[in-house]
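I opened the notebook today to look up a few things around the ligand, the aromatic rings and the backbone. Here is what I jotted down, entry by entry.

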Amino acid sequence: MAEVVVVEDQDAAGELAARSIVQLIRSTPDAVLGLATGSTPLPLYRALAATVASDGVDVSRVRGFALDEYVGLPAGHPESYRSVITREVVEPLGLDPQRIHVPNGSLEGIEHAGADYERAIVAAGGVDVQILGIGTDGHLGFNEPGSSFASLTRVKTLTEQTRRDNARFFASESDVPVHCITQGLGTILRARHLILLAFGAGKADAVAGAVEGPVSASNPGSAIQLHPHATVLVDGAAAANLRNLDYYRYAWLNKPSWQGI
Ligand code: GLP
C-alpha cells in the first residue's frame, strides 16, 4: 500500500518531500532524481532550492532524468519539458546541466529515442527517487489510460483531455503537440522510491483511483500500488475521496519518527 500523508497545503508537501530528498543527497551525493513537470511539483522544487541554498547542500554530482517530453516542439521552445526542467529545477537548484537528461522529443531519431533513454537510465544505476504528479485522468508522466504496467520509454499519443488540460501553457489547444515521449509505467516502477504529489479537488478522483484502485491499466496511477515504497503527499481537497482517509491520518500520526517518508 502506498503511504498517504495528508498535509496542510502545497508548501507543507513541498517541504516534507524536500527534506527527504536532501537526506538522500547527503547520503548519496550522486543521487539520481526522477523529475516531473506540471504545476504540482513546483512547491517541492522551490523548497528544495531554498534548503540547498540555506544548508549549503552539495548538489554538484546530483543526476536527473525527466519523466517525459513533447514530440516535435522546436528546440528551446519555452514549454518544452527540457526548458521547463532547466527553468524550474536545474537553474534554481544549481544542478550541473550535463547531468540532467530529458527524453529527446525532436523528430530526428525519434524512432530510437525511447530505447536510448532507457539505456541511459540503466547506465546511471536507476532512479533513486521519482517525483510524480498525476493527470486528471490518472496519467503518470504521459502514460494515458490503457498504458501497460510493463511499458518502457516510448512515443505516445496524448488524449484530447490531456491536450485540453495542458492548453493553458500554450497559445491555444491546437498548439499542444499530439505526441509525446514518456517513461513507461514499467520504467517508473523501477525507481527505488516514488513520491506522488497531488493538490486540489480536481485531483481527488485520480488520487482515490491511484491509491485505492482497482489496479488496472485503465487507471495508470494505480500502478503505484505495485511499488514497495510509494509515498502520496496530498492536501485535504485531493484526499477527499479516499475511503480509508481516517486510517492514513492515524498511521501518519503514529509513525515512528526515524522512518521518514
Ligand atoms: C502533465 C505531465 C505530468 C503531470 C500532469 C499533471 O501532463 N506530463 O507529468 O503530472 O500533467 O499536471 P499538473 O501538475 O500541472 O496538474
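I began with Asp68: one of its polar side-chain atoms lies 2.8 Å from a nitrogen atom of the ligand, a polar contact in the sense of a pair of N or O atoms within 3.5 Å. I then found a polar backbone atom of Gly141 at 3.2 Å from a nitrogen atom of the ligand. Asn166 places a polar side-chain atom 3.2 Å from an oxygen atom of the ligand. Taken alone, the ligand exposes 390 Å², and the protein buries 93% of that (accessible areas by Shrake-Rupley with a 1.4 Å probe).

A note on the source: this is a predicted model, where local features need pLDDT of at least 70 and side-chain atom pairs count only at pLDDT 80 or more, while totals for chains, interfaces and linings use all residues. Residues are numbered from 1 along each chain as its sequence is written, and side-chain values use heavy atoms, with hydrogens and water left out.

Next I looked up the shell: 13 residues surround the ligand, and the closest are Ser39, Thr40, Asp68, Arg168 and Lys203 (a heavy atom within 4 Å counts as near). By class, I noted three nonpolar, seven polar and three charged residues in that shell, with Gly counted among the polar ones.

Then the rings: I found six aromatic pairs in the structure (ring centres within 6.5 Å; planes under 30 degrees apart are stacked, over 60 edge-to-face, the rest tilted). Tyr70 and Tyr81 have ring centres 4.8 Å apart and planes at 50 degrees, so I logged the pair as tilted. This pair links distant parts of the chain, with Tyr70 in strand β4 (residues 68-70) and Tyr81 in helix α3 (residues 81-93), eleven residues apart. For these elements I used DSSP runs (helices H or I, at least four residues; strands E, at least two).

My last entry is a cis peptide bond joining Gly213 and Pro214, with omega about 5 degrees. Pro214 lies in the loop between α7 (204-212) and β10 (230-235).

Note on methods
Polar contact = N/O pair within 3.5 Å; in protein donor to acceptor, adjacent residues only side chain to side chain.
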